[in-house]
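Thank you for making time for this. I would like to walk through a few packing details, so please bring the sequence and the model up on the screen.

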Amino acid sequence: HFNLFPHLTILENLTLAPIWVRKVPKREAEETAMYFLEKVKIPEQAQKYPGQLSGGQQQRVAVARALARDPAVLLLDEPFSAVDRATRRRLQVELANLRQGLSIPIILVTHDLDEAASLADRMVLLHRGRGLQTASPAEMLARPASAEVARLLDLRNLFTGEILAHEEGVTRLRWGGQVLEAAPMPSLPTGAAVDWLIGAGGVVLHRRGRPSAGERENPIAGTILALLPMGEEMRVTLDVGDPEGRHLAFALPRHAAQRNALAPGEVCSVSLLRDALHVMPRA
């Protein structure tokens, strides 16, 4: 619910609190209201009533009304949940642009990971009343603090392994019958059981018939279990012989899948980029 007063115009909705609660002069309150209506791109709706506006327009009014009160902090609690997907994406872009001109902190509560990742400077993952990790969205998605965090973020390609050795500039990891190279993690003792994660962007398909030097970086062979078209991308699920039966998932452009003749049942090879392989201590 946007909690707009249905019997008041949009302009009156925005000026009600400044005039009656904060005792701001009417002209000043109206100028402020129009300023924020312009910021959310609906100044032409000022004299209409909430019932004459779409859901997306009402959401814009609700944001403008909150800002017109000159708050110290702006709290957005699932702000786009009541609008359709297309409108939600447009509002997210508008909010991202709007916040560039605001000097107040904004707290956004959301279950939409894409929304948090695109709008936040800092992200806090809460689960059952506990804050599990605080980091920038890019850091949290690439380097979750634990396997629990990775699962809550619905990150794929989460596996288990064992620290084999630490060498200059690299940590070696035993994964089933294979040895992988990861970025150095000297704090983890040799022999320690660990969880490890490889982001979808860290999986690189080996081109058939055109080998390259980069294919020597953690090469893995597997059998294609599924190919799922996702617009211009193809999502690939690979059986890589994981001891616990987990699969490797990655995406690539549809034309690359076609060019390499990928199909269920076919064998293909990939590299797991060392710097994208994130190792976590087991809880």
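Let me begin with a definition: a residue is called buried under 20% relative accessible area, exposed over 50%, and partly exposed in between, computed with a 1.4 Å probe on protein chains only. This is a predicted model, in which local features need a pLDDT of at least 70 and side-chain atom pairs count only at pLDDT 80 or more, while totals for chains, interfaces and linings use all residues. Residues are numbered from 1 along each chain as its sequence is written, and side-chain values use heavy atoms, with hydrogens and water left out.

With those cut-offs, Tyr 35 is partly exposed at a relative accessible area of 42%, whereas Phe 36, at 12%, counts as buried. These two form an edge-to-face aromatic pair, with 5.0 Å from centre to centre and 80° between the planes. Here rings of Phe, Tyr and Trp, the last by its six-membered ring, pair if their centres lie within 6.5 Å, and planes under 30 degrees apart count as stacked, over 60 as edge-to-face and the rest as tilted. By this rule the count comes to four aromatic pairs.

Another of these pairs is Trp 175 with Trp 196, again edge-to-face, at 5.1 Å centre to centre and 80° between the planes. Trp 175 lies in strand β6 (residues 170-175) and Trp 196 in strand β8 (residues 193-198), so the pair ties together parts that are 21 residues apart in sequence; helices (H or I, at least four residues) and strands (E, at least two) are DSSP runs, numbered from the N terminus. Trp 175 is buried at 3% relative accessibility, and Trp 196 is buried at 0%. Ring pairs also bring in Phe 159, which is linked with Trp 175 and Trp 196 into a cluster.

Turning to the helices, how are α1 and α3 arranged? Helix α1 (residues 10-20) and helix α3 (residues 55-68) pack at an angle of about 25°, with their axes 9 Å apart, the axes being lines fitted to C-alpha atoms, for helices over the stretch in contact, and the angles running from 0 to 180 degrees between N-to-C directions. The contact, meaning heavy atoms within 4.5 Å, is made by Ile 10, Asn 13, Leu 14 and Pro 18 of α1 and by Val 61, Ala 64, Arg 65 and Ala 68 of α3.

Finally, Glu 94 lies in helix α4 (residues 85-99) and is buried, with a relative accessible area of 18%. Not counting residues up to four places away in sequence, Glu 94 touches Val 40, Lys 41 and Arg 60.
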